[in-house]
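Keep the sequence and the model in view as you read.

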Amino acid sequence: MFSLYILLILLVVIFIFIYPMTFKMHYDNYGVNFILNIYIYIVRFAKIASLNVNYKRIDENDRVELSLKIFGIRLMNVVVDIVNFTLKDNRPVIKYEVHKAFFLKFPQKSEKRKMLSLHDVHRIIDLFNSNKIMIYEMSKSIKRSIVIRKLRLNIDEGFNDAAFTSIVYGIINSVIYTLIVPVYCNIKFLTKPYISINPHFGENILKSDFDCILDFRYGNIIVNGIKFLKNFKRR
């Protein structure tokens, strides 16, 4: 009986480190609002999890909603209400309120108002710089296990001013291809990526959608995650 347990454990470990998991990502936006859906599949048939991120502009404030489901059960729902830049002690800060819920409970408003200052941003940047070598090595190891099956991006943009439309069109092209080319050169693609950027002259429009399907071996993610946590520098 003990040998059977050992055999089952070995089979699970082999499955984790050899068989790939599939991510499907879909992004839609129209104007300032957007929604991002990430679906996680095992064997590309059984959906085990989904992550939904929804951004809305409400009056002068912003709202971000994030929900996580595993096997169809909602485990987490977080709503963040963000107030745009304000001043405190003559320093710019971002105020936000967090509403959280877990395991099908309705979100409860947090009475404590939190603030994220530029000093906090500076600390985050310092934390990244102190671990950037480890992050780079981890990313190199992870990208070797990634295979992109599909990448499709479509952007429609336009303004009443034709000159401004042309300027934005050029900026979008330069940004998108600057990001895509290194990915295309360093990660295996089964099909060529499809990218379409369409200017609309004399029309106010900003619309985009993004589809991506990729496989990765999550055993590689686990090993690199353990190494990262073990060597993480907190300054």
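**Burial, core and surface**

Buried residues account for 29% of the 235 residues in this protein. The model is a predicted one.

Q: How many helices and strands does the protein have?
A: Both kinds of element occur here. The count is five helices and twelve strands.

Q: Which residues touch the most other members of the largest nonpolar core?
A: The core holds 27 residues. At least three come from domain 1 (1-45), and at least three from domain 2 (46-105 + 118-231). The residues touching the most other members are Ile-146, Ile-148, Ile-176 and Leu-214.

Q: Which residues does Ile-176 touch, not counting residues up to four places away in sequence?
A: Ile-176 is one of the core residues that touch the most other members. With residues up to four places away in sequence not counted, it touches Leu-153, Ile-155, Ile-195 and Ile-197.

Q: Is Tyr-5 buried, partly exposed or exposed?
A: Tyr-5 lies in helix H1 (residues 2-18). Its relative accessible area is 46%. Buried means under 20% and exposed means over 50%. The value falls in between, so Tyr-5 is partly exposed.

Q: What share of the accessible surface belongs to carbon and sulfur atoms?
A: The accessible surface of the protein comes to about 16,200 Å². The carbon and sulfur share is 65%.

Notes: Residues numbered from 1 in each chain as written. Predicted model: local features only at pLDDT ≥ 70, side-chain atom pairs only at ≥ 80, totals over all residues. Heavy atoms only, no water. Helix = DSSP H or I, 4+ residues; strand = E, 2+ residues; numbered from the N terminus. Buried < 20%, exposed > 50% of the residue type's maximum accessible area, 1.4 Å probe, protein only. Core = buried A, V, L, I, M, F, W, Y, C linked by side-chain atoms within 4.5 Å. Domains from an automatic or database assignment. Contact = heavy atoms within 4.5 Å. Areas by Shrake-Rupley, 256 points an atom, 1.4 Å probe, with all protein chains shown as cover.
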